[in-house]
Amino acid sequence: MKSVRVLLLGVAVTGLAGLAYAAPTKLSNIGDSISQGFGANSIPGDHPDLSFAQGTSEDVGSLFLRFLALDPSLTQEPESVSGAELVGGGDSFAAQASRVCAQAVKPDHVTVMLGGNDVCNRDRSDTADATANMYSLDTWLNGLRAGLDQLAACLPAGATVHVLSVPRVDFLYEAGHDKSFWCFDIIWPVAGICRIVTAEDDPARRAQIGARIDEYNEATTAELAAYDTNANGRNPAGLHILGDWEGSIDDGGENTSIGAFVFGEEDINGVDCFHPNTGGQSKLACVAWSSTSEGAGEPTVCLQ
Amino acid sequence: MKRIARRSSGTVTAATAAMLMLAACAPGDAGQVGRDEAPVTDGDLARLPAPEPGAQPSDYRAVAPALRLLGVQRGDRPFATIMDTTTWQARNVALGEPISRNLSLTDMGDGWAEITDSSGGVQRMAVGGELSPRQIRHKFDDAATYAGKGVWNVVAENLAAARVEYGIGATAVERDDLFEGAPCIQLTAVDRGGVFDRLGFRRGDLLFEIDGQRVLPGDLERAADRFTSAREMPVTVRMLRGGSANALAYHIY
């Protein structure tokens, strides 16, 4: 789903199908605690300054700072909320999209990153199918459409919606076990952190969950293409709708997108052993930037 | 338990832990609203499977939200995901669970779910489709509603009345050992219908502060007092649930 990339800052680029894309003048974002920079500096709590999306810290090099380099008058009005799911709850993609649409000045670039909580909030299955209680692809896609439809209807012509792939939270198990007993022996069980994977000792069952996340990302990518080309008739204003997914790890796509990032102990914080640390946020920013129309860089380099 | 010293990144310091600004997951049981329907009658009440004791028709209201079936899950805990497109809030409703006072999710299959009302009427929803069934809601059901981004709106009078009927419905233990310098309590039980349930809390939640003050297990009744009296400033709560964190603000009207 990559569009044309340019290396020169401050240059409006020509995208696919001959449409001209100017650098955005206002950003918004839709996301969860990762977009809120939760615990990135190992101090629990939201730290939006350390967010890959909206951060103002040069330690992270957020999308906001990168776009700001293109246009110093750039503004942002984030909507991400810790705990949000793409599908469920009161801060779903659709709910956050409605808040973006309610902004007095509509953004012309919206970054979306959700999905980790959709996996982590589900009950562990007692059956042979570890994914039995996870959202079906139908549910996932209907949640996605409920948000995209609103953005497609309210954002100005030429705006971009950039939907990032879902991280493989099943890698938490190894990352936390490598990091510290604090992770797997204390904080995960006591605080109930992503127990669908952190309490799953069977690697084959964790792989099932990872495969479902891959399916979410594959389905999302196909859906984004249908919106971007208006093949589904749901994007008549011609918004630019793109993602970052380049294929699964099993298909050779390791470290080519956020959803195919094999994160390790060095990428998660030491307090809840769940959220990206500053270095992890910086990697996310680099990958996200590489998949924007204006961006540059190679995901595999970002994720080294 | 002793304080936990973490091998890889050191002990959580007092300064660090004091900044715990922890958040709740998006409440999945946020109140659903919609356009008002014809007032609730004695006949409606007679058909409700679980009417509030002593309640009158005027204690209820009927609304017709636009409900969209996002999907169904048929695992060992089957549920349907239903979104109210007037608020864009979605909840996962288990098979057999009530959706409102008069509606229940009674059956589901590949691509569909059935809702049965208290008069026996059955409506089938296709995945992706919408219905606007008449929902009957008691004033307790909307005593606390989630407005998004960590903000709750609370009708003090109605929550106080629910408290009289159901109590606070929560117990807790101290968790001073978890984060050095940031003592907290963990809710060990949250009973359906009680004050803490209506405020969106769940078993396992870690509560650090209410209105900037430490909470102890014996403080829950006193904490509930804050939510059942109208006030100008919101009640703030810092908590952690399942690795998701934020600060909650309850506006008490």
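**Conventions.** The model is predicted, so local features need pLDDT of at least 70 and side-chain atom pairs count only at pLDDT 80 or more, while totals for chains, interfaces and linings use all residues. Residues are numbered from 1 along each chain as its sequence is written, chains are lettered from A and ligands numbered from 1 in the order in which they are written, and side-chain values use heavy atoms, with hydrogens and water left out.

**Entry 1, sheet in chain A.** I looked up the strand order and found an open sheet of five strands, β4-β3-β5-β6-β7 of chain A, with parallel pairing. Helices (H or I, at least four residues) and strands (E, at least two) are DSSP runs, numbered from the N terminus. Two strands count as paired if DSSP finds at least two bridges between them. The edges are β4 (75-76) and β7 of chain A; each has a single partner strand, so one side of each has no neighbour in the sheet.

I then took one pair from the sheet. Strands β5 (residues 109-113) and β6 (residues 160-163) of chain A pair in the parallel sense over four bridges. In this pair H109(A) stands opposite T160(A) of β6(A).

Next I checked which helices lie on the sheet. α8(A) packs on it and touches β6 and β7 of chain A, its direction making about 165° with that of β7(A). Contact here means heavy atoms within 4.5 Å. Helix α2 (residues 93-101) of chain A lies across β3 (26-31) and β5 of chain A and runs at about 160° to β3(A). For these angles, axes are lines fitted to C-alpha atoms, for helices over the stretch in contact, and the values run from 0 to 180 degrees between N-to-C directions.

**Entry 2, chain A against chain B.** I recorded the extent of the contact: chain A gives 57 residues and chain B gives 52 residues. The two chains bury about 3,900 Å² between them, 57% of it on carbon and sulfur atoms. Buried area is the accessible area (1.4 Å probe) that two parts lose on being put together, summed over both. P44(A), W182(A) and V190(A) supply 13% of the area that chain A buries against chain B, more than any other three residues.

I counted polar links as well. Between chain A and chain B there are 17 residue pairs in polar contact, both residues at pLDDT 80 or more. A polar contact is a pair of N or O atoms within 3.5 Å; within protein, one must be able to donate a hydrogen and the other to accept it, and residues adjacent in sequence count only if both atoms are side-chain atoms. On the side of chain A that touches chain B, the elements giving two or more residues are α2, α4 and α6 (181-191) of chain A.

A search of the whole structure gave 36 salt bridges over all chains. The rule asks for a side-chain nitrogen of Lys or Arg within 4 Å of a carboxyl oxygen of Asp or Glu. One of them joins E200(A) and R124(A), with the closest N and O atoms 3.0 Å apart. This pair links distant parts of the chain: E200(A) is in the loop between α7 (195-198) and α8 (203-228) of chain A, and R124(A) is in the loop between α3 (116-120) and α4 (137-154) of chain A, 76 residues apart. E200(A) is buried at 2% relative accessible area, while R124(A) is partly exposed at 34%. Buried means under 20% relative accessible area, exposed over 50%, and partly exposed in between (1.4 Å probe, protein chains only).

In chain B, D142(B) and R137(B) form a salt bridge at 2.7 Å. Both D142(B), at 15%, and R137(B), at 7%, are buried. Shared partners join D123(A), D126(A), D76(B) and R77(B) into one network of salt bridges. Within chain B, D76(B) meets R77(B) at 3.1 Å, N to O. R77(B) also meets D126(A), at 3.3 Å. The interface of chain A and chain B holds three salt bridges by the rule.

N230(A) has phi of about 60° and is found in the loop between α8 and β7 (240-243) of chain A. W88(B) has phi near 60° and is buried, at 16% relative accessible area.
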